[in-house]
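Subject: Structure handover

Hello,

Here is the structure we spoke of, passed on to you along with some notes on its contents. Please look through it first and then read on.

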Amino acid sequence: MSKLKDKLAEKIEAHRPRTTRLLKEYGDVKVGEVTMEQLIGGMRSVKSLVTDISYLDPMEGIRFRGFTIPETLEKLPKVPGGKMPYVEGFIYLLLTGDVPTDEDVKSVADEFKTRKVVPQYVFDVLKAMPSDSHPMAMLSAAVVSMQRESIFVKEYNAGLNKMDYWKPTYEDSLNLLAKLPEIAAFIYRLKYKGGDIIPSNPNLDMGGDFAHMMGIDAPYDDVARLYFILHSDHESGNVSAHTGHLVASALSDVYYATSAMLDGLAGPLHGLANQEVLSWMQGVMDKMGGENKIPTEEEMKKFVWDTLNSGQVIPGYGHAVLRKTDPRYQAQREFCLEYMPDYPLFKYVDVLYKVTPDILREQGKAKNPWPNVDAQSGVIQWYYGLKEYDFYTVLFGVGRAIGVLANITWDRALGYPLERPKSLTTDMLEKIAGIK
Ligand code: CMX
């Protein structure tokens, strides 16, 4: 077994009795209640999932294995020559809960290198898709096309002990994660660069190789590392993470589960919002007469109100759980302040940040008037030449796979069962409400 798998096995053995005890001895302890509003309203805040990979506090934002974003970025070993940590080290942290040493990171990074060769048929599938396919549809199709590679399916069909389900799931997860950057970069180069593909460099780390295959110079390697880490996980209840967990709960393998989670991420209320922010911003630029004409706060207020009055949402603002500025937004804002403080598009986003929260508060609908992760992410990509904003959700998707696959591996290790909530009819709800 690899060092990471050994460590994970140790952690799983130590953790299992905690879950078993809660289930056996405290199974009937009430954790919360469900109101009519929550039931009709998309299960907001209903406590119904377990994960130890990340926790989202509405006021503080995300913690990965107990660490805030600044702590995570500070504690993890950095790639030589860059300022950001190895994504491989972050994967180690999410899976084991421990901050890896330099040696641990090297061993995971080496392991990734042996797993990253993408089968040729995946590229053939992508080339066979219509040229106007959305890059998220391409990513999802590429992932599900690899379902035949699943080690879990082979071992399950041969008769696998339930206690060992996590082992082939771990193998599938790492195999898939190692391949995603090349698949994503291939989609980009195929769709937007006339099929001029840049082969993977087997010696580079995950973020470095992605930047290399995209054909974008440093510090885009650090941008890739930052993006993959920031977008990885946000508890289990968001659409992409929950979809991945739900599909995997049927013991569907990780290729099915990851493809499905990407399909959820592709919605405009979720991961697609980062592309929508840019297209919204471009509309503003067109009306302003060019990206160098920065709107005043008064002008920006009018654009925001016009959007709201036409019945649309302001993309990149609001959140189902968060009630303050998303620390993932903050981390990207700090990156912008360091690398591109005078960049016109950053100024646009900055003016938007100054006016939008007050407007959303005044409008009185959104429970959270503050920006989320998607409000800033397009700016950085645009700055480094990645202007094809249809592609932005793919970057989110590669990152999100890290968290979803860490979760699925643990779901299998702890024997979480098939997910099956209960539905009621409207008649029944009316009876409960005392209307009928
Ligand atoms: N602009 C305008 N109106 C907004 C709004 C925004 N940014 N955010 C919420 N609202 C509105 C909702 O549309 C809803 O209106 P109705 O009552 O007319 O249906 C009302 O405020 C209440 O919504 P909420 O409870 O505050 O928000 P939800 O939990 O239902 O939805 C989210 C959360 C993110 C989908 C929503 O804020 C939104 O649509 N934001 C814009 C899209 C976006 O940025 N999505 C990315 C989310 C980040 C991620 O993917 O993780």
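By the rule applied here, the count of cavities of 30 Å³ or more comes to three. Please keep in mind that this is a predicted model. Rolling a probe the size of a water molecule over the atoms shows where empty space is left.

Cavities

The largest cavity holds about 100 Å³ of space. Its lining is made up of 15 residues, and those closest to the centre are Lys 116, Ala 178, Asp 205, Met 206 and Asp 209. Sorted by class, the lining of the largest cavity has seven nonpolar residues, seven charged ones and one polar one.

The second largest pocket

The largest share comes from α16, which provides seven residues. By class, the lining of the second largest pocket consists of eight nonpolar, seven charged and two polar residues.

The ligand

Which residues are closest to the ligand? They are His 270, Ile 314, Gly 316, Tyr 317 and Lys 367, out of 20 residues that surround the ligand. The shell has 10 nonpolar, six polar and four charged residues.

At Ile 314, a polar backbone atom is 2.9 Å from a nitrogen atom of the ligand. At Gly 316, a backbone N or O atom lies 2.8 Å from a ligand oxygen atom. At Ala 366, a polar backbone atom is 3.2 Å from an oxygen atom of the ligand. Taken alone, the ligand exposes 900 Å², and the protein buries 77% of that.

Backbone details

Most residues other than glycine have a negative phi, and most peptide bonds are trans. Some places in this model depart from that pattern, and they are set out here.

The peptide bond that joins Ala 218 and Pro 219 is cis, with omega at about 10°. Pro 219 lies in the loop between α10 and α11 (220–230).

Glu 235 is not a glycine, yet its phi is positive, near 65°. This residue is placed in the loop between α11 and α12 (239–249).

Leu 251 likewise has a positive phi, near 65°, in a residue other than glycine. Leu 251 is found in the loop between α12 and α13 (254–265). Is Leu 251 buried, partly exposed or exposed? Buried means under 20% relative accessible area and exposed means over 50%. Leu 251 has a relative accessibility of 27%, and therefore counts as partly exposed.

To find these places in the structure, start at the cis bond between Ala 218 and Pro 219, then go on to the loop that holds Glu 235 and to the loop that holds Leu 251.

Regards

Notes:
Residues numbered from 1 in each chain as written. Predicted model: local features only at pLDDT ≥ 70, side-chain atom pairs only at ≥ 80, totals over all residues. Heavy atoms only, no water. Near = heavy atom within 4 Å. Polar contact = N/O pair within 3.5 Å; in protein donor to acceptor, adjacent residues only side chain to side chain. Areas by Shrake-Rupley, 256 points an atom, 1.4 Å probe, with all protein chains shown as cover. Nonpolar A, V, L, I, M, F, W, Y, C, P; charged D, E, K, R; others polar. Helix = DSSP H or I, 4+ residues; strand = E, 2+ residues; numbered from the N terminus. 1 Å grid on protein atoms, 1.4 Å probe; cavity = no way out; pocket = protein on both sides within 12 Å on 5 of 7 lines; lining within 4 Å. Points joined across faces, edges and corners; volume = space filled by probe spheres on them. Buried < 20%, exposed > 50% of the residue type's maximum accessible area, 1.4 Å probe, protein only.
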